[in-house]
Amino acid sequence: MKETDLIIMDLRQFLMCLSLCTAFALSKPTEKKDRVHHEPQLSDKVHNDAQSFDYDHDAFLGAEEAKTFDQLTPEESKERLGMIVDKIDVDKDGFVTEGELKSWIKHAQKKYIYDNVENQWHEFDMNQDGLISWDEYRNVTYGTYLDDPDPDDGFNYKQMMVRDERRFKMADKDGDLIATKEEFTAFLHPEEYDYMKDIVVQETMEDIDKNADGFIDLEEYIGDMYSHDGNADEPEWVKTEREQFVEFRDKNRDGKMDKEETKDWILPSDYDHAEAEARHLVYESDQNKDGRLTKEEIVDKYDLFVGSQATDFGEALVRHDEF
């Protein structure tokens, strides 16, 4: 097979993943599919500062980046932390606020998303101008498939392109049909951006609403999670989901979920771990109790924010590139 054919196949696979990101691959009849988007934990470690600051290190830097500090001397850790503080202080007023810390923590926790976008960027930025236009994305992703009225794989590419274009326009804040890296990230990962949540809900409802009446009824809700596949008896978890729909999902008891009820289901208002951690870091480091942190206050409490040989006993961990 030619290399160009392999590239096209890879792009087609990417297309399936993107356009159907709120849908799920077919699973065994007894396996439950989950459409709910939860905020991930900041760390898999226990948050107990009396024992260690490992949780805070993971939260502040991301787990992988936190490892890179554990082999540094305290002096090296302080120096790198100072450089990070300059990045956190977005308005360059010399102080780090709780809001700036929260934004930094959220960004650090989503580094894998930004890495994913970075890895794909060059495939779509055809003219290498640092931007991706809708035309560039459409041509690379769909290309000649749009000319094929009967594709072998059975997908309706024209319909999928319309859906992608709608999402691209939603991500494109200034409406010029040209995406910056942040806008393209919102396009690929809409569930991570508040202003994209309506499109996540809309696409989910379109996937589940088989009779196209604009609502999700009980059978559509169950049918998206579970296929009877000839089995008369439903697993216990399916019965539980039926009860969940009636008692909690369908808030107005009209037998179906509307847009707001669907949003409450798939995008629940979770506890904001990043906000809680930012508040904790400020409280522990704010020596003069003015509600904001200077670089000096942060570096003085460096062991709370980052590790070093002094705090992690010189564990032999792989050295990563500069943060």
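Visitor: How many cavities of 30 Å³ or more does the count come to?
Guide: In this predicted model the count comes to two cavities of 30 Å³ or more. Local features need pLDDT of at least 70 and side-chain atom pairs 80 or more, while totals for chains, interfaces and linings use all residues. Residues are numbered from 1 along each chain as its sequence is written, and side-chain values use heavy atoms, without hydrogens and water.

Visitor: What makes a space a cavity and not a pocket?
Guide: On a 1 Å grid over the protein atoms alone, a 1.4 Å probe fits in a cavity but cannot get out, whereas a pocket is an open set with protein on both sides within 12 Å along at least five of seven lines. The largest cavity holds about 110 Å³, and the largest pocket about 890 Å³, each volume being the space filled by probe spheres set on grid points joined across faces, edges and corners.

Visitor: Which residues line the largest cavity?
Guide: Lining residues have an atom within 4 Å of a point. Among them are Glu 39, Lys 106, Glu 192 and His 273. Helix H5 (98-109) and helix H14 (273-285) each give two or more residues to this lining; helices are DSSP runs (H or I, at least four residues) numbered from the N terminus.

Visitor: Which residues lie nearest the centre of the largest pocket?
Guide: Of its 34 lining residues, Glu 39, Lys 110, Glu 192, Tyr 193 and Asp 194 lie nearest the centre. H5 gives the largest share of that lining, five residues. By class the lining has 12 nonpolar, six polar and 16 charged residues, where Ala, Val, Leu, Ile, Met, Phe, Trp, Tyr, Cys and Pro are nonpolar, Asp, Glu, Lys and Arg charged, and the others, Gly among them, polar.

Visitor: At what angle do H5 and H14 pack?
Guide: About 130°, with their axes 8 Å apart. Axes are lines fitted to C-alpha atoms, for helices over the stretch in contact (heavy atoms within 4.5 Å), and angles run from 0 to 180 degrees between N-to-C directions.

Visitor: Why is H5 called oblique to H14?
Guide: Under 35 degrees is roughly parallel, over 145 roughly antiparallel, 65 to 115 roughly perpendicular and the rest oblique. An angle of about 130° therefore makes H5 oblique to H14.

Visitor: At what angle do helix H7 (residues 134-141) and helix H8 (residues 157-171) pack?
Guide: About 150°, with the axes 11 Å apart. Therefore H7 is roughly antiparallel to H8. Trp 134, Tyr 137 and Arg 138 of H7 make the contact with Met 161, Asp 164, Glu 165 and Phe 168 of H8.
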